[in-house]
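Subject: Handover of a structure and notes on its helix packing

Dear colleague,

Please find the structure below, with its sequence. My notes on what was found in it follow directly after.

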Amino acid sequence: MLHGGHLLSVLIFFPAVGALALMMLRADDHKYIRYIALIVSTAEFLFSLLMLRYAHVGDAGYRLEEFAHWIIQPPINYHLGVDGISLFLVILTTFLTPISVLASWKSIEHRVKEFFVMLLMLEVGVVGVFLSLDLFLFFLFWEVMLIPMALLIGIWGHERRVYAAVKFILYTMAGSIFMLVGIIWLYNATNTFDLPTIQNMLATGLLALSPRTEMLLFLAFFVAFAIKVPLFPLHTWLPDAHVEAPTAGSVMLAGVLLKMGTYGMIRFCLPLFPGASHRAAGWVALLAIIGIIYGALVAMVQPNLKKLVAYSSVSHLGFVVLGIFAFHNISMQGAVYQMLAHGISTGALFLLVGMLYDRRHTFEISEYGGLATPMPKLAAFFLFVALSSLGLPMLNGFVGEYMILLGTYQRHWQWASWAALGVILSACYLLWSYQRVFFGEITKEKNRALPDASAREKWILVTMAVVTLWMGIGSVFITRRTAADAQAVIDQVEPQRPYEAAAPANPGQQAARIAPGTTNARSVERSGTR
Amino acid sequence: MNSAIPTTADFYRVLPELLWCGFGLLAMFLQPFVRNRHFFTALAFIGTLAGAAGSFLSFRNPGAGFYGLIQADAFSFFFHLLVGTVAVLVVLAAGPYLDRERLPVAEFYALLLFATAGMGVLASAQELLTAFIGLEMSSISSYILAGYRRDSLKSGESAMKYFLLGSFATAFFLYGIALVYGATGTTRLDTMVDADAASTLLKLGLSMILIGLGFKVAAAPFQIWTPDVYEGAPTPVTALFSAGPKAAAFALLLRIFATVPAATHFWFWAFWILAVLTMFAGNLGALVQTNVKRLLAYSSIAHAGYILVAFAAVTSMAKGGRSEAAAAYAAVLFYLLSYALVKLGAFTIVSQLGGTGEKNLSLDDYAGLSQRQPVVAAVLSIYLLSLLGLPVTAGFFGKFYIFKAAVNSHLLWLAVLMAINSIIGAYYYLRVIVLMYMREPSAEAAAVAPVGFPLTVNIVLAVTAIGTILFGVMPNPVINFILQPTLFGR
């Protein structure tokens, strides 16, 4: 059954089956509930790795496509497919879910069953978003995912959880309802919801939108995605949602939910509305750069550790948007890479902040100080993750940011120079907060006897650290699989521009060069996988 | 058609109405002789179900009946089945309610059956005076049903308001018929095809008909009665009001469009404005409500507004030929179906949780419901999410088809206004879900034992909840049926 045929459907619905199984259990069987959730989400992760077998290095396009008619009038199809870009986002999702389950092992004590059901349902929605090739189906998963996330924040969050949950859901719905109008409008022009078909119509000139229509449609989609990313000035829901969410909620939110926005831009905004994307690029880049600098500056002055990490997300996602709208192969790949890297390192930061919260029940930086003495291991992990987040070479954050800046620089050196400020600022706020939390004298008596990382926490952190390091040094594994599809997006948005050879000294670029269908490269890669 | 004696087929075409009236009369006759309450519930259940089943027979005999007074076609079949199902479910939900409130049963069911028959007439009427009879049958029964809790002041107020304003609206409707007759020399819709659209008299008559029906569907600015009437009426009756008469009145409006081209030319801007006013009146009103019944009443107004958006699309598209308008008709029908299921289920839950004397209707009574009664909270959430229009529920497709109709007919502004309203709506539906899932129950609410849900009520909830999900995942059968080209018989 798992022989390719319905792998994507299995990926989407397996967690739902797991959630259904959990619902059958008695509510007070906490131990079994946790183990089943862990087993289901780990199995899902392993399933998702099977997709790697089908990802051909070097050629763009969708793999493992599944197609079935669903609704006849209007023609809505169950159309799934995966390409290099969505492939790793799905794997990121399935990777972070078991991590989140483990992170909630002890900290979730009431309504345990519902919690894990919601976590698995969230996974269903997110994986569905990444795999849908039908606009309607995409919208459906996009909306369905809201409810579990809002409940995760609203039921298991901290003091102002209800406010944060409602704000989160209203912001997202406000964007998505206009996207729905946009989708219907597009349907009206094309008579189909099928993404590849629409792309084909655009390529062959069957569909030609007037500049005004194209811009309005672009905005209808873009605003929905920009809210999700979140792009300045639509970011105000994010700090609230993050601060109030439980640790697992923050990990999923920062790790994968924000990426749905940038993924949507790559998958829909650019290929479907190339002209409007071009005309809007300058403004989008401006907002992205403001987001990068503003997010970093606000993060610097945060007294609340979790809010600091939340604002750092605004800054990092600004890089991603900038990389996308620079329309350059390297920056596009960098954006995809940064999405993955941010998922891992910010996810890890939230996990660490959550571990501190489990011990002291506060996020205030002033409540900590000198923690390196009672808990050296946790401090070491925190430093490692903070360094990866600020972009230390050899770790994952560096690759993405470097590629984005490199690619952007070749198009608009001004954009790149402003954005580079963000790299500096991120070092400031992360190291400064690290210093205030872990170094210096212990000022609060309570902090003196805090326990160091438990075995479970060490497992989580070691896993995250290994992935961080691997992504830093083995980035070619990912970039060579995303290269062709990133180029395909660039080709669609700028058909007039031939392939550009850029400066070497960049892993992604080299991969893109080797890429075109060379069999030996593929076989080398296969062996590398094992 | 010219023969003076009605044929057997004619009687088949009104079979549902005959059955509903017959069982209603039977209930009244038996009332002095039978003391057993369950007997009447069973009788009403069989009666409503028989009428709904009878609609299949009338569908087997399509065509104009009784010299063109009524029209049996796929359209009337759809609405007969819809109001019939609504009536069956209201009977099931009302049984435990009437027992709890110690209200007489036989009269209640008789009135319910008469009201249903009236709605049936409205759905198949092809002649304005026949429609008027249907409207009066359903309205007069509704007035009495609204005041059925005689010892409650609110119920009395509800009935009085409904009656006074309702008869005023009916007068408009009747006067409109008279003017239309004056302009065209006929009251039969199918003979108005060639009516002169420029005639002032016809315009005046049509606008009065629109006012009369606008009242029945609670379109702003004729919506003032809705919250008070919905709040005061016994909750199962409120469930009926929100699902049945509204669907029937919309059915008549649709039929007028489908048969009289003059109406479509004239009504476009009227519907545009009505739709916008109604959506905003409903949604903004609902934002500040603290009583669940009033909240749902305002939400009813808002949803009438969404349906009116589809009407604006119908009028806009009908100019371009009927084939294009079919999608907009389908949007209305599907929306009414999804909406009826959801409102019925939601009011049933409200009715059951209200407790004796309908005391617990405040939103605060729903705080922490998910911990006290998780299944009820989950089912109510399904309804609310469907009202909100979230995917995998029927409400989503309903809204989706209306959006599509609006965009198809280039009513982008209307679509955008509807989108804005959907977001306002999301806020107050979510507020209820937030209360149920994210707040702790008040001390006294936590002390109360969970409210029992009898079997019949559970059946209502199961049917409506499963229907909501089913039509949200698999709308194909319904859509195929209502998109058929012969929806209106021709």
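In this predicted model, helix 6 of chain A (residues 146-156) and helix 7 of chain A (residues 161-190) have axes that come within 8 Å and cross at roughly 160 degrees. An angle over 145 degrees counts as roughly antiparallel, and helix 6 of chain A and helix 7 of chain A are therefore roughly antiparallel to each other. Their crossing is right-handed. On the side of helix 6 of chain A, the residues that meet helix 7 of chain A are A:Leu146, A:Ala150, A:Ile153 and A:Gly154. Their counterparts in helix 7 of chain A include A:Arg161, A:Val162, A:Phe168 and A:Thr172. Sorted by class, this contact holds eight nonpolar, two polar and one charged residues.

Helix 6 of chain A also packs against helix 17 of chain B (residues 412-438), at an angle of about 50 degrees and with the axes 10 Å apart. This angle makes helix 6 of chain A oblique to helix 17 of chain B. The crossing of helix 6 of chain A and helix 17 of chain B is again right-handed. Here A:Leu151, A:Gly154 and A:Ile155 from helix 6 of chain A meet B:Val434, B:Tyr437 and B:Met438 from helix 17 of chain B. By class, five of the residues in this contact are nonpolar, one is polar and none is charged.

Turning to the contact between the two chains, 25 residues come from chain A and 23 residues from chain B. On the side of chain B that touches chain A, helix 16 (394-408), helix 17 and helix 20 (476-482) of chain B each supply at least two residues. Helix 17 of chain B gives the most to that side, with eleven residues. The side of chain B that touches chain A comprises 18 nonpolar, four polar and one charged residues.

A further point concerns the nonpolar core. The largest one has 410 residues, and B:Tyr109 and B:Ala310 touch the most other members. Helix 13 of chain B (residues 322-354) provides the largest share of this core, 23 residues. Neighbours within four places in sequence aside, B:Tyr109 is in contact with B:Ala27, B:Phe40, B:Leu43, B:Ala44 and B:Val91.

With kind regards

How values were computed
Residues are numbered from 1 along each chain as its sequence is written. Chains are lettered from A and ligands numbered from 1 in the order in which they are written. This is a predicted model: local features need pLDDT of at least 70, side-chain atom pairs count only at pLDDT 80 or more; totals for chains, interfaces and linings use all residues. Axes are lines fitted to C-alpha atoms, for helices over the stretch in contact, and angles run from 0 to 180 degrees between N-to-C directions. Helices (H or I, at least four residues) and strands (E, at least two) are DSSP runs, numbered from the N terminus. Angles under 35 degrees count as roughly parallel, over 145 as roughly antiparallel, 65 to 115 as roughly perpendicular and the rest as oblique. A crossing is left-handed if the near helix is turned anticlockwise from the far one by less than a right angle, and right-handed if clockwise. Two residues are in contact if their C-beta atoms, placed from the backbone, lie within 7 Å. Ala, Val, Leu, Ile, Met, Phe, Trp, Tyr, Cys and Pro count as nonpolar, Asp, Glu, Lys and Arg as charged, and the others, Gly among them, as polar. A nonpolar core is a set of buried Ala, Val, Leu, Ile, Met, Phe, Trp, Tyr and Cys residues joined through C-beta atoms within 7 Å. A residue is buried if 20 or more other C-beta atoms lie within 10 Å of its own, exposed if 12 or fewer, and partly exposed in between; C-beta atoms are placed from the backbone.
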